[in-house]
Amino acid sequence: MSEIDTSVEMKGMDAVRYNKLRGKAIKEVGIFWPYVLIPIHLITLKPLLFYLKTVIFEFFLLQFKVKWGWRKATIARVTDVIDGDIPFLPEKSDIYLDFINFWIRSLNFTILRLGRKKALPHLARFMAAIGTTYHEAARIYKIRMSTTSRPSAGNNKNMKAIHRVDPHLLCVPSLHVGVVVLTYTFFTTVFRQEGLTQAEQEQYSKELWDGAVEITETVLYVKQHSVNCIPAALYMMTHLLKDQFTIQDAINFIDCLFVDTSHISAEQGKAIRNHIHYMFDRLLLEGCNEEDWIVPVLRWLMSQPVTEV
């Protein structure tokens, strides 16, 4: 164990936990404890079951019923011309697939940093929040599914696996984007509320923000989503997270996309951000007098070319 850092006012186990994690990134702490603790505590089991039920019935089975011919659906094609400026980079599929561990590591870090007793209520709230995110997105999926043009998986094992388990019919809004935004917003709020040091808050907030931006960019690099899927997800999260993830937060998030990359030009990056800003602003303006956030998203989806399956 490292020597206790006397420059930070902490006592007992809080000081011990702080020093064990001092200097470590969230991505270094692993994913073990959530798998052990969440299923065995009543406070976390109920939201876990809600999340699993939603993912199974309102995400996977919803798509596979259409793929297997058990359900008829009208599917909007939402690929934009500007998607052609973004190269297909299957080597980034590891980042795309890491979005689950992105939030599980955050749960694990919360347990290690706060202790099990203090962390459990936060774990329960997060599982309820992620379940609600899937459920709210499914309200759109059940009315109008959507897809994008995606290249063949080629010889990339990850892309083959992605194409095998994902029928690719639920693109707008992007749950990848919604979940990483939820993860950033939720845990930075928890760390502030629980009184982590300013240095910790700054370190972990930046790590989660950068990770959310990277995963969001990657959903376009692996062609699992279109530029049109991102603003819909950000719009959804401004409603689900209300004052925690604000319109300004969404604008700041868009401004960070495709800024530091060698894969596209600065001009192309600016064009992508401008398009996402335009679509986000359009949803905001069309939705400002609507009681339900899904209305402007559905209105846009209904205007897109469709495929009957």
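# A tour of the predicted chain

The chain's secondary structure comes to 13 helices and 3 strands (DSSP runs, H or I of at least four residues for helices and E of at least two for strands, numbered from the N terminus). Its radius of gyration is 20 Å, close to the 19 Å that the globule rule gives for 309 residues, so the chain is as compact as a globular protein of that length. That radius is taken over C-alpha atoms, and the globule rule is 2.2 Å times the number of residues to the power 0.38.

This is a predicted model, in which local features need pLDDT of at least 70 and side-chain atom pairs count only at pLDDT 80 or more, while totals for chains, interfaces and linings use all residues. Residues are numbered from 1 along each chain as its sequence is written, and side-chain values use heavy atoms, with hydrogens and water left out.

**Whole chain**

Start with everything shown. Along the principal axes, the C-alpha atoms fill a box of roughly 65 × 50 × 45 Å. Of the 309 residues, 54% are buried; buried means under 20% relative accessible area, exposed means over 50%, and partly exposed lies in between (1.4 Å probe, protein chains only). The accessible surface comes to about 14700 Å², and carbon and sulfur atoms hold 56% of it. Such areas come from the Shrake-Rupley method with a 1.4 Å probe, and for residues only the protein chains shown count as cover. Among contacts (heavy atoms within 4.5 Å) between residues at least 6 apart in sequence, 81% join residues at least 24 apart.

Select Leu49, Leu52, Ile56 and Phe57. These residues form a nonpolar patch on the surface, with about 380 Å² of accessible area together. A patch is made of residues with over 30% relative accessible area and no salt bridge; like charges are joined within 9 Å, and nonpolar side chains (Val, Leu, Ile, Met, Phe, Trp, Tyr) within 5 Å. Ile56 belongs to helix H3, residues 42-67, and counts as partly exposed at 41% relative accessibility.

**Helix H5**

Next, select residues 99-114. This is helix H5, whose 16 residues reach 23 Å from first C-alpha to last, close to the 22 Å expected at 1.5 Å a residue. The expected span is 1.5 Å times one less than the number of residues. In H5, 13 of the 16 residues are buried, so the helix is largely enclosed by the rest of the structure. Gly115 follows H5 and has a positive phi, near 95 degrees.

How far apart are the N and O atoms where Glu200 and Arg113 meet? The two side chains form a salt bridge at 2.7 Å, N to O. The pair links distant parts of the chain, with Glu200 in helix H9 and Arg113 in helix H5, 87 residues apart. Glu200 is buried at 5% relative accessible area, and Arg113 is buried at 3%.

The structure holds 11 salt bridges, each being a side-chain nitrogen of Lys or Arg within 4 Å of a carboxyl oxygen of Asp or Glu. Select Arg139 and Glu136, a salt bridge whose closest N and O atoms are 3.0 Å apart. Arg139 and Glu136 are 3 residues apart in helix H6 (residues 116-141), so about one helical turn separates them. Arg139 is partly exposed at 26% relative accessibility, whereas Glu136 is buried at 15%.

Then select Arg299 and Glu290, where the closest N and O atoms of the salt bridge are 3.1 Å apart. Salt bridges that share partners join Arg282, Glu286, Glu290 and Arg299 into one network. Arg299 is partly exposed at 39% relative accessible area, and Glu290 is partly exposed at 31%.

**From H7 to H8**

Select Val172 and Pro173. Is the peptide bond between Val172 and Pro173 cis or trans? The bond is cis, with omega near 0 degrees. Pro173 lies in the loop between helix H7 (157-165) and helix H8 (175-193). His168 is also found in the loop between H7 and H8. Phi of His168 is positive, near 70 degrees, in a residue other than glycine. At 3% relative accessibility, His168 counts as buried.

Move on to His176 in helix H8. Which residues does His176 touch, not counting those up to four places away in sequence? They are Tyr96, Phe99, Ile215 and Val219. His176 is buried, with a relative accessible area of 9%.

**Last stop**

Finish at Lys223, in the loop between helix H9 (198-221) and helix H10 (229-240). Lys223 has a positive phi of about 60 degrees although it is not a glycine, and it counts as buried at 10% relative accessibility.
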